[in-house]
Structures are given as C-alpha cells and as structure tokens.
Amino acid sequence: MRPILLQGHERSLTQIKFNADGDLLFTCSKDNVINVWFSHNGERLGTYEGNNGTVWTVDVDPLSKFLVSGAADNTLRLWSVSTGKCLYTWEFPTAVKRVAFNDKGTQVVCITEQRMGHQCAIRVFEINAEGDGTKQSKEPLYMFNPIGSKATVCAFTLTPNVVITGHESGKVALFNVKTGEEIDSNERAHSDVVTDLQMSKDWTYCITSSKDKAARIHDTKNLMVIKTFNTETPLNSAALAPNRPFVLLGGGQEAMSVTTTSLRQGKFETRFWHKVFEEEVGRVKGHFGPINTIAVHPAGTSYASGGEDGFVRVHHFDDSYFKAKPYGDLEIIE
Amino acid sequence: EDAAEESNVSAELIALRKRLVDEWNAWRTLRMKEVGEERHHKLQGKDDAKEEIEVWVDEVIEQIEEIIIE
C-alpha cells in the first residue's frame, strides 16, 4: 500500500469524506478550516474558510455541488464546492456536531449539542439548488428534540423523513423527522457513546462505532444487529469497504491516557475486519495519535484516515488487497 | 500464507464460514430485492407519465392526415 500524507491541518481531524466520484476528499479539523484534496495524489485543491471554531463535521452532495459543515461556532454552513464560497449560514444556540445529506442531496439533517439549558436538537433543512445557492430558507423544514439520551451521529435512510441516529448512551434509533416520533430503537446497540455511523452503498445497512470498543452492522430497516466487531480499543470511526468483504475500524485511547501508557498500547492502527466472519484480517500503522475518522473511496480503491495527530493519510490499495480471499472462495454479496 | 492457512482449517470451521456466508447472502438478497422493487415502482410511475404524452402526439398526427385527405 502506498500512503500519501496530507499535510495542511494544524490540529486534529474531526471528519473526512469522499465525494460520490471519489476524486475529492474533504477534511475538517479543530483548526477551524475545511480542506479539499485530490484523492489520487494528495494535492490540495482548496480550502473553505470562515468558521470561527472547530469544524466538527462535513458532508458533500451527490453532484459535488454543495458542501455542508457544522462547527463549534454554532453554525451550519452551505458552501459551493467549486468556488469555496460560503453560500449560506444558519445559526443556532449551540454547536453543530453532525451533518448529513440525504441520498438525493435535497435535504440536510443536523444535530446540535445539548448545552446551557438548550436540549439536543435534530433539524432538517431543505436545500434550494436554484440559482447560486445563496437563497435558503432560514427556518428548518422539521425540528425536534430526541427524547432520552442525546444524539451524537445521524444519517438519512432510504425511507423519506426517517433518520437513523446514534446516541451518547449507546442507543441506535430511527426517528420520523416530521413528527419527532421515535419509530424504533435498540437501547443496547452499544454500551457507550456512538462515535460514527456510515451507510452502505445501497443505504440498506450501516456500520456504527463506539467507545465501548465495538463496531456493529445494523439493518437500517429494523435495527437488527447483523454483525459485531469486538476490538480492544475505544473506536472513533468505522467504514465499510465497497466491493470487498471488509470493514475498517479506527480509534485509540484518548490523548490524556496515552501519556500514562506505552505507545504500543495506544494502538493507533486502522484495523481491517472481515465483514461476515467478524475476524480481524489486518492492520495498517501510521498515525501518531488516535484515529478520529476513516473514509473509504466509493469505488473501494483507496481509503483515508484522519488522526488526532493532525495528519490525513490516503492509502491506495494494491493488487494483493483485491486478490486476497481470506478464508476461501465463498462468494459474498455486497 | 492464506493458502497455508486454508489447508489447516478444520472441516468444522469451513462449515461455519459457509453457514455465515449463506446467512449473509440470504439477508442481502432479500434487502436488495426490496430496494429493487421500490425503485421499479417509482420508475413505472414515470413511464406512465411518458405514455400519456405519446398518446397526445398520436392524436396530432391523425388530425394532419385528415386535412390531407380532404
């Protein structure tokens, strides 16, 4: 594997995302900046500047026209991917911790933090693609406060107006955004905070990671846990590898506890697990701190990881990765 | 390395893996079929709309023909 080091962020990475074509990689960080890179060579294409706080989260629409970001300055921003201009800013009483487009790129769901008398809120905004994108509705299409434990991650499902959420308590739930009703929930999906949630290529299942050291694949229709991957380190991110039966897991102990243990115990490696057999098949080293976020190229040809160390590493898979048939010749459906 | 491992795994483990893959594939086939059907329904809806337009075009052509006969 040929790693490319993307240097440009001054502080730890919070989320990274490939666009639908996979030619661009968006990265956001605690240094208040969003960067976009050419994924094949790691060259920086540009930056999205304007946020006055940690950028916690980004997502890009299926046409690579719009980018949305959520930040600690209590804003949700809409950006033009090609010009780097901020098209619209929504302001809230608390920080925006997670954003996600729907499959068509027409709506955005966002989670705002629970703090200082403000409840955790989930809002859905309709994105007006007409004109230059600067004419957006100030008010959300829907808004509700999820009952119980606060939400940490979310994504749209294929069912209109239904989002899947991961919570601080470890709960995974389905919500109707129109009514705010909790349609279904798995209270014991994880036993600690859910740190990431990524959808499969066809959006019929998803993978979650948690501080409880496990990652799980859930059926998004009924929240049934399909697979569990038990590791020995708190996980910050989990991604599904398209076209290959693997999942990629990343994490590591918090920076604070690392100083009291040996570096090896920090375990800052991207772990590859077999998706069906729930067995670890390999590890990739590189980061000097916990891995905060992992994304796989939509064609499954490369992957990127963003670390607490401020670096993004892009790895292009080599032939052996595509030829490897761990545990035999059985054909596994995507 | 993989080949070496292959020969060492017991028949029991091979059977377990076969079962796991079969279960996974059965679930995936079901979900993919459902998603396929939903897409199919949506596409059918669009086809109906197109058909109506085609009928309207037919009518115009017939009117032109009548004028020629007269």
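This is a predicted model: local features need pLDDT of at least 70, side-chain atom pairs count only at pLDDT 80 or more; totals for chains, interfaces and linings use all residues.
**Exercise 1. Describe the fold content and overall size of chain A.**

Start with the elements: chain A holds three helices and 28 strands, counted as DSSP runs (H or I of at least four residues for helices, E of at least two for strands). Next, take the radius of gyration over C-alpha atoms and compare it with the globule rule, 2.2 Å times the number of residues to the power 0.38. Chain A gives 19 Å, close to the 20 Å from the rule for 334 residues, so it is as compact as a globular protein of that length. Finally, its C-alpha atoms fill a box of roughly 50 × 45 × 40 Å along the principal axes.

Residues are numbered from 1 along each chain as its sequence is written, chains are lettered from A in the order written, and side-chain values use heavy atoms, without hydrogens and water.

**Exercise 2. Work out how much of chain A is buried.**

Call a residue buried when its relative accessible area is under 20% (1.4 Å probe, protein chains only). On that basis, 61% of the 334 residues in chain A are buried.

**Exercise 3. Characterise the interface of chain A with chain B.**

First, list the residues in contact (heavy atoms within 4.5 Å): 23 come from chain A and 16 from chain B. Then take the buried area, the accessible area (1.4 Å probe) lost on putting the two parts together, summed over both. Within chain A's share, Y327(A), L330(A) and I333(A) supply 27%, more than any other three residues.

Definitions and conventions
Buried means under 20% relative accessible area, exposed over 50%, partly exposed in between (1.4 Å probe, protein chains only).
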